Amino acid sequence: MKKLLSTHYSAGAFNFAMLVLRIGTGVLLMHHGYDKLVHFSEYREQFMSFLGLGKSLSLALVVFAEFFCSMFLILGLFTRFATIPILIAMCVALFVAHGGDYFGKGELATHYIISSLVLLIIGPGRISVDGLIGK
């Protein structure tokens, strides 16, 4: 009981928590990106054209962020760089596509923004490819 109420944690617990956050966020987000990748032509018809980039390019950038950057998160490779496209895509999803509805349609995007911010600030932890190569 004393351990549950303690504010102290070990380095191992911290690194394991970062592993769980990275893999959990990456796997959940990759699922969305994979669906968009496989059904690209179907999504393209209904997708928004962000900043006049066109529907195809906007969707391709989202697929890159959601699928490929999620793979980097899962591996813990270039983790901080991988969070930047995810943050941009999720901010566009939340504020443009869902109208800033944090607790409604944009709740999932809000979750990904928060998770990505934590990973951007703290990094991947030692249990990652970045941690193994000493970045």
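With a relative accessibility of 35%, M71 counts as partly exposed, a class that lies between buried, under 20% relative accessible area, and exposed, over 50% (1.4 Å probe, protein chains only). This residue, M71, is found in helix α4, where helices (H or I, at least four residues) and strands (E, at least two) are DSSP runs numbered from the N terminus. The model is a predicted one, in which local features need pLDDT of at least 70 and side-chain atom pairs count only at pLDDT 80 or more, whereas totals for chains, interfaces and linings use all residues. Residues are numbered from 1 along each chain as its sequence is written, and side-chain values use heavy atoms, with hydrogens and water left out.

M71 takes part, together with Y34, L37, V38, F64 and F68, in a nonpolar surface patch of about 520 Å². Such a patch consists of residues with over 30% relative accessible area and no salt bridge, nonpolar side chains (Val, Leu, Ile, Met, Phe, Trp, Tyr) being joined within 5 Å and like charges within 9 Å; a salt bridge is a side-chain nitrogen of Lys or Arg within 4 Å of a carboxyl oxygen of Asp or Glu. At least two residues of the patch are supplied by each of α2 (11–38) and α4 (55–75).

S70, also placed in helix α4, is buried, with a relative accessibility of 0%. A polar atom of the S70 side chain lies 2.5 Å from the backbone oxygen of E66. With neighbours within four places in sequence set aside, S70 is in contact (heavy atoms within 4.5 Å) with G26, L29, M30, A65 and I86. In helix α2, K36 is likewise classed as buried, at 14% relative accessibility, and, under that same exclusion of neighbours within four places, contacts Y43, F47, L59, V62, V63 and E66.

V96 lies in helix α5 (residues 79–97) and is partly exposed, its relative accessible area being 45%. Beyond residues up to four places away in sequence, V96 touches M48, F50 and C91, while its C-alpha atom is separated by 35 Å from that of I127, 31 residues apart along the chain.

Overall, the protein has seven helices and zero strands, and its C-alpha trace spans about 55 × 35 × 20 Å along the principal axes. Of the 135 residues, 35% are buried, and residues 24 or more positions apart account for 61% of the contacts with a separation of 6 or more. The accessible surface, calculated by the Shrake-Rupley method with a 1.4 Å probe, comes to about 8400 Å², of which 71% belongs to carbon and sulfur atoms.

Technical notes: A polar contact is a pair of N or O atoms within 3.5 Å; within protein, one must be able to donate a hydrogen and the other to accept it, and residues adjacent in sequence count only if both atoms are side-chain atoms.
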